[in-house]
Amino acid sequence: MPQAQVKMNVRKAGGKAAIIDIEGELAAFAEGVLMDAYNQASADGARVIILNFEGLEYMNSSGIGLLVTLLIRINREKQRLLTYGLSEHYRSIFQITRLDDAIATYDAEDEAVKAADGM
Amino acid sequence: MTKQTHNPGEQEQRQPRDTAFWAEYTERLKVSEMPEDAVNLNVDGRRTVGPLQGFGKMWQKTYRIRLEGADTTPAEVVETWKENFPKFWMPGNRFLTARAGLSPGDVALINSDVPGSRWFSTGIVVIYADDESFTYMTPEGHPFSGWVTFSAFEDEDGITTAQVQLLIRSNDPLYELMMPVALHRVEDMTWQHTLRSVAAHFGASGEVKTRVVCVDPKRQWRQYKNIRHNAVIRSAFHAMTAPLRRNPGRA
């Protein structure tokens, strides 16, 4: 089985958000790492989960599928999902897959954290 | 972790290595030239829809077959699959493309025989394709809202395995009603047949393993209006009004 070529770091931001920094590749094998990061963020009481994509190097359609299942899980827990740091290329992929209909994207961390604090 | 500074200029210069694998964004689908007898209905001008835009429960359905005895690699399987996709399709259904093979951005028509209508017409668009997988997405009006990923990989025993994985919702309330009585079964039959055909192409035979997970049991009631694009209704109407058209059988 392929090893996950991705690292995720969880840190608190603002009053109620946690940021998950994604560095590397988002594909099927990243599922465990992503869900572990989400569980860690939730265990710390975060009501808003912010994904930082500045370090994203590769994403395939399975990676998009992971984001959809993460979003469903977050909605079920009545949390919110925000993102920032998407390059033009990955913004375009969010448009193609229509993730942009359901996930708010921001240019920079401070904008995303400010939005989270206002929720 | 050190906070990274956002620098759009720097990001734009870096081209991720997945760039060539993804289709370019288009607001609405455009069907290229197709065979004369193809019914181009319910695709041209439609938007694509993913699992977040559909109406019904969200399902992840995974179908797998081990190509035991076949001397082939995952990349060879996927290349063959892309090149011969219509040949592996269910009998009674036509998968029509403008040219051979499937590449990111390609739009294909699906023309099927269904009771009460000679043609049920819908389609798909290929949104992603690399050496070991490809994915298509559905347009408005298709029974399912979501995407289907075709892939091959070596399992833990080193056996090349072909897989089809769906992440879908039914697109509207009518399709949702049809899910337990027909659509789940049709979908299972379709992909089990496809995988057996792929295996047979490589001289392998085996059992298709099916795994179904309800990812989201909630229905998205705000999406009930999707029914205005319902391809079954529109295809039936198209078939009923065929005698009124000068050249029946064509869109």
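From the N terminus on, the elements of chain A follow the order β-β-α-β-α-β-α-β-α in this predicted model, and the secondary structure of the chain amounts to four helices and five strands. The radius of gyration of chain A is 13 Å, close to the 14 Å that the globule rule gives for 119 residues, so the chain is as compact as a globular protein of that length. Taken along the principal axes, the box filled by the C-alpha atoms of chain A comes to roughly 40 × 30 × 25 Å. Of the 119 residues in chain A, 45% are buried, and among the contacts in this chain with a separation of 6 or more, 72% are made by residues 24 or more positions apart.

In soluble globular proteins, nonpolar side chains tend to be buried together. The largest nonpolar core of the model has 93 residues, and the residues with the most contacts inside this core are I20(A), I49(A), I50(A) and I127(B). Strand β5 of chain B, which spans residues 117-129, gives the most to this core, contributing eight residues. When residues up to four places away in sequence are not counted, I20(A) touches M8(A), V10(A), A37(A), A41(A), I49(A), L51(A) and N52(A); one of these partners, I49(A), is itself listed with I20(A) among the residues that have the most contacts inside the core.

L71(A) counts as buried because 20 C-beta neighbours lie inside 10 Å, and the criterion for a buried residue is 20 or more. Once its neighbours within four places in sequence are left aside, L71(A) is in contact with L81(A), A102(A) and I103(A). L71(A) and L99(A), which are 28 residues apart in sequence, lie 9.8 Å apart in space, C-alpha to C-alpha.

The contact between the two chains takes 32 residues from chain A and 32 residues from chain B. On the side of chain A that touches chain B, at least two residues each are supplied by β1 (6-13), β3 (48-59), α2 (61-76) and α3 (88-96) of chain A. By residue class, the side of chain A that touches chain B divides into 10 nonpolar, 13 polar and nine charged residues.

Definitions and conventions: Residues numbered from 1 in each chain as written. Chains lettered and ligands numbered in written order. Predicted model: local features only at pLDDT ≥ 70, side-chain atom pairs only at ≥ 80, totals over all residues. Core = buried A, V, L, I, M, F, W, Y, C linked by C-beta atoms within 7 Å. Buried ≥ 20, exposed ≤ 12 C-beta atoms within 10 Å, placed from the backbone. Contact = placed C-beta atoms within 7 Å. Nonpolar A, V, L, I, M, F, W, Y, C, P; charged D, E, K, R; others polar. Rg over C-alpha atoms; globule rule 2.2 N^0.38 Å.
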